[in-house]
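This briefing goes through one protein structure by topic. The notes below are meant to be read alongside the sequence and coordinates.

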Amino acid sequence: MDKKQERQDEVQLSRREFVKSAGLFGAGAAMMGLGVGSASSAWAAGSDGPEKTEVRVGFIPLTDCASVVMAAVKGFDKKYGIKIIPSKEASWAGVRDKLVNGELDAAHVLYGLVYGVQLGIGGPKKDMSVLMTLDNNGQGISLSNQLHQKGVTDGASLRKLISTEKREYVFAQTFPTGTHAMWLYYWLATYGINPIHDVKTITVPPPQMVANMRIGNMDGFCVGEPWNQRAIVDKVGFSVATSQDVWPDHPEKVLGTTSDFVTKYPKTALALTCAVLEASRWIDANLANRRETAEVIAGKAYVNTPADVILGRMMGRYENGLGKTWDDKHHMKFFNDGQVNFPYLSDGMWFLTQHKRWGLLRQDPDYLGVARKINQIALYKQAAARVGVPLPKSDMRTSRLIDGVVWDGKDPKKYAASFKVRA
């Protein structure tokens, strides 16, 4: 048996194992076309096809919109019987509103935004769903060059300046319950700076961060790429930290939608998850695919910034704007053998603990119950089985953050109350 045939046999065996792990072996597997040709064959019987064939998916101009965009550009959507229509949005508040009112079917969206809407904080209350995680890592915290001129190069020197120079310091994040707010708050608090009491925080849409820093509206910001790199290129700021400094391989954007959409269009939700999961795997397959992705999303219809501003950090090649360069092993990842995409319950619960920590939630919610309601693990497992993506052994995972504190989801109420710096 030659090596090519061995690989083919291994793929077939792996697919059978994936189906078993999702509890779909037998009649269900046959219905979904597993192991009997291409994934598109799953739609041979009309009744098994997606209920909705055109799916409008919102995104914000950020590097991590890539898997949604490439699912459409590379035709992974067609393979699953749908057409993804990427819809460029101006702000996270706009994404939230369009998801809630049905103008968008789904979106590339902040993890914490979805959880906030579920609980009625940061906007209208609506039952929401997370279909999959889109990326890990790749966000950043930038400070103005004016702060650097005053000797600030890290968190400790920032704290010293804030404690000695009595003025209002302004920091921007992208949405009150979102990921960037939580990375910014966690990083500041690690250095003894209370983000609620010691500084002022404002909300600014990602593409507007650099322009606002240029005219002096803020001292620093937390945002996704490529806008931290763009601040360096435009010589208005420097990178003081990355989000992976705060939490290596942290969850970031998700493929989010409403619970109503999943209930009304379950096969469409499954097809959408499959298509974006395939695109995620394709992006991470090799450097050539990442380079092509950067060139595509650099276009005016998507991120609208030069491809070389996107490409460096997408490849893990970092600079801080102060002369330091490094290769970051925790750069933005879209697949990482499927480890990125599984909607871990503990990931969603973490955002709730930080919402409680910073006073966005007055009472402890049912952390696990909320996560189980939002994160569509059963649907994700079906998609993973169809696409041929391995599953983790547990719905929870363990992580160690920048302050050395371990998060495993086992006692969220105790964890939320454990921080010395809080609202």
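R159 is located in helix α8, which covers residues 155-164. The model is a predicted one.

**R159 and its surroundings**
- The relative accessibility of R159 is 46%.
- Apart from neighbours within four places in sequence, R159 contacts Y191, G192 and I193.
- Between R159 and G192 the C-alpha to C-alpha distance is 7.1 Å, while the two are 33 residues apart in sequence.

**Nonpolar core**
- The largest nonpolar core comprises 126 residues. W92, L158, L255, L272 and W350 have the most contacts inside it.
- Helix α14 (residues 266-285) supplies the largest share of this core, with 11 residues.
- L158 touches L143, L147, V152, F171, W187, L188 and I193, when neighbours within four places in sequence are left aside.

**Five-stranded sheet**
- Five strands form an open sheet in the order β7-β6-β8-β5-β9, and their pairing is mixed.
- At the edges are β7 (200-203) and β9 (237-242), each of which pairs on one side only.
- On average, neighbouring strands of the sheet are turned by 25° against each other, with direction ignored.
- Strands β6 (residues 170-173) and β8 (residues 220-224) run parallel and are joined by two bridges.
- A172 has F221 in β8 as its bridge partner.
- Helix α9 (residues 179-190) packs on the sheet and touches β5 (139-144), β6, β7, β8 and β9. The direction of α9 makes about 145° with that of β6.

**Packing of α3 and α14**
- Helix α3 (residues 66-73) packs with α14 at an angle of about 100°, and the axes are 8 Å apart.
- Angles of 65 to 115 degrees count as roughly perpendicular, so α3 and α14 are roughly perpendicular to each other.
- On the α3 side the contact involves A66, S67, M70 and A71. These meet A275, V276, A279, S280, W282 and I283 in α14.
- Sorted by class, the contact between α3 and α14 has eight nonpolar residues, two polar residues and no charged residues.

Definitions and conventions. Residues are numbered from 1 along each chain as its sequence is written. This is a predicted model: local features need pLDDT of at least 70, side-chain atom pairs count only at pLDDT 80 or more; totals for chains, interfaces and linings use all residues. Side-chain values use heavy atoms; hydrogens and water are left out. A nonpolar core is a set of buried Ala, Val, Leu, Ile, Met, Phe, Trp, Tyr and Cys residues joined through side-chain atoms within 4.5 Å. Buried means under 20% relative accessible area, exposed over 50%, partly exposed in between (1.4 Å probe, protein chains only). Helices (H or I, at least four residues) and strands (E, at least two) are DSSP runs, numbered from the N terminus. Contact means heavy atoms within 4.5 Å. Two strands pair if DSSP finds at least two bridges between them. Axes are lines fitted to C-alpha atoms, for helices over the stretch in contact, and angles run from 0 to 180 degrees between N-to-C directions. Angles under 35 degrees count as roughly parallel, over 145 as roughly antiparallel, 65 to 115 as roughly perpendicular and the rest as oblique. Ala, Val, Leu, Ile, Met, Phe, Trp, Tyr, Cys and Pro count as nonpolar, Asp, Glu, Lys and Arg as charged, and the others, Gly among them, as polar.
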